[in-house]
Amino acid sequence: MGLISSKLASKSAEFQNLFIGQFPEQQLKAGNSKRYYQTLTDFDFISLKIKYSKFGVEALNRDYILIHRPEILENLEADEKLEPEQLKTLKLIQRALQLSAHVLNQDPNQLVEQLWGRLQCFQQPEIQKILADAAQSKNGTIWLRPTTASLTTPGENLLLTLTGHNHWVQAVAIAPDGKKALSGSWDKTLKLWDLETGKEILTLTGHNDLVYAVDITPDGKKALSGSADTTLKLWDLETGEEILTLTGHNDLVYRVDITPDGKKAFSSSYDSTLKLWDLDTGKEISTLTGCSNWVKVVAILGLGYANAPEGKTALSASNDSTLKVWDLDTGKEISTLTGHKTRVQAAAIAPDGKKALSGSEEGTLKLWDLQTGKEIFTFTGHNSSVEAVAIAPDGKTAVSGSVDRTLKLWDLQTGKEISTFRGHNKSVTALAIAFDGKTAVSGSWDNTLKLWDLETGKEISTRSGHNDWVIAVAIAPNSKTAISGSRDKTLKLWNLQTGKEISTLTGHNDWVTAVAIAPDGKKALSGSGEGILKLWDLETAKEIFTLTGYNDWVHRVEIAPDGKTAVSSYTNYVLKLWDLETGKEIPTSALTGHNGTVKGVAIAPDGKTAVSASDDSALKLWDLETEKEISTFIGESSIDCCAVSPDGLTIVAGEKSGRVHFLSLESA
């Protein structure tokens, strides 16, 4: 217990409430900025305010903001003002707490781990004192101390994480003043957020189905949403009340755009129409019809290019295999572009507005003359659906991304392929080209973005052996062999020195999703999508046991150092222990506590503890003898893998975000 906590312990609840709530502000208003600074760099006070039920991290954040308020600054004498270095220190602490707010609001006890994960790279004496006091506060309990500042630190791009929705966030819009944001979710609600504090301001309810689209009027006072309930709703962002419901679409509304004057809006729907609305009356002005299927893609002239012509022309791409060119002033169709044989998945208009490029499910791209409506070129080369296209700012080249996991660079003047870029592990679904035309960024279902040099990009060769995706691999302790598990339902044993296949292990009836090799290198354990584990003899390539009893997707398997037991993790948040000598589940061995799928498991060298990684952003340390949770560390995104060092004292965990955490197992 710290000094402040000790003194407050004997005080009344009313006194505690007044002190924790008002002390920093009182000191600053009295000109005692030194005491104000000491209080906000005291771990004991920080911890008390965050854990006190009437306050929390948002209230503490306001204490740090006080020193920047004009009405307070103007009343401070020159010798009462804080030094620049002190202001910097307070800002670093405040930003670290802001970054941790979404975690601390759920579990204030994560404060110590969050501060260590964000602030230890800063050498200010006050910050180092906070960290030392934070570690001391653990009072002998076992905890996971980050050995590096592996969480987002103050000064990086991430400012806040906003939590509150109960399902996927499908749409976001930022208010013109940049101080608020609006989100739309599959939980059927919209939420208005304060971007300075991360606090939810309002929840807007009224839609009866998933919210797919949101936009905010230029004055920031109203918002428009589109939903799977086929309606649009206009909202008052000051009161949270619904103003109007706009009806007319017959299917899901997935895009809304408010005009710059705030008086009209466009909506796009799966009913194959685009509609123009009067936001004063809620009445439909016009309907742009003509597609015989869903309007899937919309491209507007000028968006994404510098010095482009004004966006009065739009191109819609549809599931009926056509593209349509529209005049946005009149709402009239200019022309229909036909030629694709399957659904159009992507489209882009050239910067000069004279040409357009489209990509289709059949794997082809077509270049169009928008003035004549005629096809100029057809580009072939992809082996599967084209999901994204982008045209370079000079209009001479374009890039496409495909389900075949590649990007291709095309010459729009000759119709020829220039080069192919390989590196993604799943479908390429998003593309953007830099304004200088020299680099491109791609996004993929493999959860990565990649930056490409369009002038020097080279192909990457891939060795194949399985007939489908390889999902899991493991290397034997002698480093001479490796085993792979695949979506083709087989495992393959490989010679790492020659690269040759040694044997194929068959027996699973579903994807092989996890694999591990025993410490002696003679056996392997595999898990599958059907929930079954199999123990294999790698010398004979024969199955030893089938371990059953749990019908859920196996995400990870790990064999203990003695080779006698194993841990498996499943989609429904459970871990189970198995006896590899009998092929039986160890009774009452379910380790529960995660709120998401367990993606990774590692057993300590002594076989007494295990670590689990989950897409609930948590890493948990378990006692395998008591089957109890020992400690938890919260990251910033799904933690997908983990490992324990040979001495059992350091844990390494990898996040979906790309961050790697190094955690020391400590007892304070």
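1. The model is predicted: local features need pLDDT of at least 70, side-chain atom pairs count only at pLDDT 80 or more, and totals for chains, interfaces and linings use all residues. Residues are numbered from 1 along each chain as its sequence is written, and side-chain values use heavy atoms, with hydrogens and water left out.

2. The chain has nine helices and 47 strands; these are DSSP runs numbered from the N terminus, with helices (H or I) of at least four residues and strands (E) of at least two. Of its 668 residues, 50% count as buried, where buried means under 20% relative accessible area with a 1.4 Å probe, protein chains only.

3. Helix α4 covers residues 43–51, and seven of its nine residues are buried, so it is largely enclosed by the rest of the structure. The buried residues are Phe-43, Asp-44, Phe-45, Ile-46, Ser-47, Lys-49 and Ile-50. At the start of α4, a side-chain oxygen of Asp-42 comes to within 2.8 Å of the backbone nitrogen of Asp-44.

4. Helix α5 (residues 57–65) and helix α7 (residues 84–104) have axes that come within 10 Å and cross at roughly 165 degrees. Axes are lines fitted to C-alpha atoms, for helices over the stretch in contact, and angles run from 0 to 180 degrees between N-to-C directions. The two helices are therefore roughly antiparallel to each other, a term for angles over 145 degrees.

5. The contact (heavy atoms within 4.5 Å) involves residues of α5 including Leu-60 and Tyr-64, and residues of α7 including Ile-93 and Leu-97.

Technical notes
Parallel < 35°, antiparallel > 145°, perpendicular 65-115°, else oblique. Polar contact = N/O pair within 3.5 Å; in protein donor to acceptor, adjacent residues only side chain to side chain.
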